[in-house]
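Colleague: I am new to reading structures with several chains. Please show me how to read the main features, one at a time.

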Amino acid sequence: MSEKVSVATVWLDGCSGCHMSIFDMDERLIELAEHVEFVYTPLVDRKDYPEHVDIALVEGAVSSEDDLNKIRKIREHTTTLIALGDCAVAGNIPTMRNPFGTDAILETGYIETATAGQQVPDSIIPRLLPVVRPIHEIVPVDIFMQGCPPSADVIYFVITELLAGRKPKLNDKTRPGA
Amino acid sequence: MPVRSRVKTFTMDGQDVSGHESETILEIARQNDIDIPTLCQLDGLSIIGACRLCLVEVVGWNKLVPACATYVEEGMEVVTNSERLQNYRRMIIEMLFAEGNHVCSVCVSNGNCSLQYLATKLGMDYVRYPYLNPDRTVDMSHERFVMDHNRCILCTRCVRVCDEIEGAHTWDVEGRGYKSHLITDLDIPWGDSRTCTSCGKCMNVCPTGAIVEKGKPAGEMIKRREFLGYLTKMRGVNNNE
Amino acid sequence: MTIYDTLQGMAETEHDRQAQFENEMWVCLASGCASQNADQLADRLADLVKEQELEEKVNVKCVGCMGLCATGPHVTVKPAGQHYSEVRPEDAEALVEAAKTGEPYEPLYEPEYSQFFDRQTRIVLENAGSVDPESLEDYLVHDGYKALNIALTEMSPDEIIQEITNSGLRGRGGGGYPTGLKWSTVAKAESDTKYVICNADEGDPGAFMDRSVLESDPYRILEGMTIAAFAVGASKGHIYVRAEYPLAIDRLNKAIRRAKRENLLGNEILGTPFNFSIEIRLGAGAFVCGEETALIASIEGKRGQPRPRPPYPADYGLWGEPTLINNVETLANIAPIIRNGSDWYASFGTESSKGTKVFALTGQVNNTGLIEVPMGITLREIVYDIGGGAPDGRAVKAVQTGGPSGGCIPEHMLDLPVDFESLREVGSMMGSGGMIVMDDTASMLEVARFFMEFSMTESCGKCIPCRVGTKQMYDLLGRIESGVGTYRDLQLLRELCDVTQHTSLCGLGQSAPNPVLSTLHFFEDEYLSLLTDVEAAAD
């Protein structure tokens with residue numbers, strides 16, 4: 001058998017729901033494991049993104065400077081970049097801060113409504129960008145998988161199609177919001 | 001004198017069809033199970049031709065025409081679903097998604113929304129235009145309903161149903177261009193409106209989660225539009241004349 | 001004695017009164033000059049004439065626009081033909097002195113302006129700058145209402161329409177639709193009630209052709225409308241004029257009142273059975289209300305938004321009745337055509353575009369102002385011979401015509417003749433008459449973005465492609481201009497041009513991409529040079 005396809009899953013500004021959907025593939029994960037190797041995920045103890053990844057499933061919108069650096073690096077080292085779920089595809093919930101502006105949100109969260117230590121953090125936590133953006137507004141995306149979250153079936157379908165050397169057609173399988 | 005024919009024969013996507021001269025391309029398409037997407041159009045309300053989704057090609061005509069507002073003509077060759085039309089329709093839907101703050105996942109109309117339905121049907125996999133993230137308000141002042149301007153696509157169905165069917169004309173549009181927005185009365189909170197009869201027609205004809213009932217959890221707002229059919233029938237109203 | 005004979009008598013009396021003066025001083029009192037205290041100047045001149053007891057020798061006459069609006073106030077002394085510009089009230093004494101002696105007052109004398117006037121052909125503007133717009137008598141002296149008398153007493157409606165058709169006149173609002181055909185369509189529509197509307201909702205940035213005509217020669221519009229109404233069978237007319245034109249409105253109101261008094265409007269016009277009245281409606285400044293269906297909605301008291309056509313207003317217009325809508329300049333051509341015949345009119349211009357066109361020549365050009373030229377003249381003649389080229393010896397880079405619906409024509413194409421088809425072929429359009437000259441310092445992106453901003457803010461918001469498309473295009477142009485745009489942005493821009501052009505409801509949206517498309521066509525390098533990923537662009 002040929003070498004396994006390397007898969008990374010990344011979690012930017014999202015709720016981890018899309019990752020839950022990945023787990024919801026259940027026993028199919030074991031089947032997939034015969035063909036793919038999960039080289040990088042939030043749940044694998046690896047700090048640096050690998051030099052080369054065949055498929056990356058990226059959850060979440062680009063919300064902080066850390067997200068921005070990550071997504072650029074991922075794009076550089078990935079063959080097929082998949083925007084996984086509505087936050088990655090369209091911004092979704094994280095973009096709800098955009099109309100108000102990041103400063104106003106920080107002010108509300110860390111000062112107005114804080115009961116102790118009223119101060120906007122300036123270290124350790126990555127700085128938030130002025131505007132939250134979907135991934136394709138930062139780097140080119142190869143496959144868009146809508147849904148909040150996309151179902152395990154759809155994720156399984158996309159991976160198996162890619163393994164079979166086809167570009168998955170998702171028109172009738174996904175929609176925003178579900 | 002030659003006799004004037006009131007029934008027109010023509011083709012639609014290569015199929016032979018016929019229609020009365022008082023019928024539109026859209027009506028004939030629906031009679032023949034040819035699907036043309038619409039958004040601002042709703043049977044029972046006046047035709048405004050604003051959303052541009054129902055644009056079709058007529059061979060030999062230099063402009064695309066709205067199927068909802070174009071009467072049938074003898075010998076016309078209508079094309080309803082060319083690749084060019086599909087592209088334009090998808091782009092128009094993308095423009096709407098980029099314009100407002102449509103966050104489907106937390107919308108009470110999630111799963112029961114015309115915009116969402118059309119996005120899927122017309123093959124929108126993502127929005128290529130930059131999101132505008134407008135700063136819009138939510139009017140919660142009415143005791144039964146909510147107006148969420150973030151989700152409004154300005155189809156003006158609410159304006160028309162309120163004016164043409166309910167007769168209240170509580171709703172109207174203010175502002176120009178991308179700053180256009182709906183208002184109640186002379187731009188006062190909906191709850192303070194003296195003309196609103198709280199009939200809920202606007203809520204039921206609203207295609208998105210812009211006008212909804214209070215207290216609905218995400219995904220559980222289902223609109224009921226049956227009333228339009230029988231009201232217009234009982235009253236014998238034809239708003240297109 | 002007929003009513004027209006009485007009017008002729010008034011004209012003769014006025015003519016004789018004017019003939020007794022040795023000198024006339026024409027002071028422009030149109031908006032441009034009025035804004036520079038021309039009214040005070042006129043008062044001062046009149047006072048001086050009185051003080052020096054010259055009332056029987058010198059006539060100070062307030063007239064309409066002479067055209068050179070950037071250098072007002074203007075005064076012309078007749079019969080010597082001396083032209084003075086930038087005249088202040090304190091210059092009045094010197095001018096009166098000059099009029100007395102016949103020697104020009106050198107500091108303000110502008111002999112070289114003859115170049116500006118010599119290449120023009122004035123039909124629409126024949127009275128502008130020489131006739132008192134507030135005097136019916138002066139209008140009558142200059143053949144005023146001769147055409148209406150001919151039309152009502154010697155011609156049938158069909159003959160009038162045939163005459164207009166034969167003249168080859170095309171709509172001057174921008175589209176160039178044959179006027180005779182429009183008239184005959186309304187004439188054929190069956191209804192007891194029909195309307196004539198004069199579209200004076202001039203809104204292109206920098207354009208003021210219609211304003212000048214209304215301010216300089218209001219009776220000409222009333223006469224043109226009345227002839228049109230008789231030809232199509234209308235009994236009621238509206239002038240839809242923007243509220244930003246107070247002087248035009250004032251003069252129109254005065255003219256309407258006077259015309260009514262003299263049986264030139266109202267019941268039994270000129271003693272014939274024909275009735276026609278005109279009412280003024282003020283626009284609130286929305287550009288889109290220049291679109292005919294939006295204009296009608298606005299007159300009806302509704303939100304000024306276009307509706308799909310057909311049905312066209314000729315069939316289903318104001319209050320659902322057949323309606324003729326013509327632009328100010330179109331209507332200003334009617335009286336001369338009826339008066340002088342269609343053959344005379346058709347002798348001006350080209351095969352497909354007859355007559356003349358008024359342009360507001362602005363931008364980086366030495367002589368800015370209002371000009372009237374025969375169709376078929378080249379842009380080069382306008383820019384260099386009339387406009388005197390770009391200031392400070394700079395090179396002309398492009399000429400923009402058609403306002404926010406038009407395009408930029410590069411210098412190497414300036415030999416293009418000005419007619420409806422030629423301008424359209426190069427991606428611009430005649431438009432209502434705005435013409436902006438740009439020199440080699442102009443950024444074509446900035447031009448495109450300026451017009452896109454205009455279309456964006458003036459979009460009515462009804463249809464999606466125009467409402468959202470213009471905003472998206474404006475934002476993308478801004479990104480590219482500020483140097484952060486990518487090749488993908490440029491692609492999106494082209495795509496948005498395409499969808500907005502082909503799917504918008506009315507002309508505003510359909511033509512909004514034109515400034516981008518034409519600059520992209522002729523000056524693509526300027527766009528490419530600003531992209532951050534030029535390599536991608538080169539692929």
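Chains, domains and contacts

Modeller: Start with burial in chain C, where 58% of the 539 residues are buried. A residue is buried if 20 or more other C-beta atoms, placed from the backbone, lie within 10 Å of its own; it is exposed with 12 or fewer, and partly exposed in between. This is a predicted model: local features need pLDDT of at least 70, side-chain atom pairs count only at pLDDT 80 or more, and totals for chains, interfaces and linings use all residues. Residues are numbered from 1 along each chain as its sequence is written, while chains are lettered from A and ligands numbered from 1 in the order in which they are written.

Colleague: What percentage of the 178 residues in chain A is buried?

Modeller: In chain A the buried residues make up 38%.

Colleague: How many helices and strands are there in chain C?

Modeller: Helices (H or I, at least four residues) and strands (E, at least two) are DSSP runs, numbered from the N terminus. Chain C has 25 helices and 13 strands. The radius of gyration of chain C is 24 Å, close to the 24 Å from the globule rule for 539 residues, so chain C is as compact as a globular protein of that length. That radius is taken over C-alpha atoms, and the rule is 2.2 Å times the number of residues to the power 0.38. Along the principal axes, the C-alpha trace of chain C spans about 80 × 60 × 40 Å.

Colleague: Which pattern does chain A follow along the sequence?

Modeller: Chain A contains six helices and seven strands, and their order is β-α-α-β-β-β-α-β-α-α-β-β-α. Its radius of gyration is 17 Å, close to the 16 Å that the globule rule gives for 178 residues, so chain A is as compact as a globular protein of that length. The C-alpha atoms of chain A fill a box of roughly 60 × 35 × 30 Å along the principal axes.

Colleague: What share of the contacts in chain A with a separation of 6 or more joins residues 24 or more positions apart?

Modeller: Two residues are in contact if their C-beta atoms, placed from the backbone, lie within 7 Å. In chain A the share is 81%. In chain C, 73% of the contacts between residues at least 6 apart in sequence join residues at least 24 apart.

Colleague: Where are the domains of chain B?

Modeller: Domain bounds come from an automatic or database domain assignment. For chain B the assignment gives domain 1 (7-81) and domain 2 (86-215). Their C-alpha centres lie 26 Å apart. In the contact, 13 residues of domain 1 of chain B meet 16 residues of domain 2 of chain B. The domain 1 side consists of ten nonpolar, two polar and one charged residue. Here Ala, Val, Leu, Ile, Met, Phe, Trp, Tyr, Cys and Pro count as nonpolar, Asp, Glu, Lys and Arg as charged, and the others, Gly among them, as polar.

Colleague: Which element gives the most to the side of chain C that touches chain B?

Modeller: The contact takes 26 residues from chain C and 27 residues from chain B. Helices H19 (444-458), H20 (464-481) and H21 (487-503) of chain C each give two or more residues to the chain C side. H20(C) gives the most, with nine residues. By class, the chain C side has eleven nonpolar, eight polar and seven charged residues.
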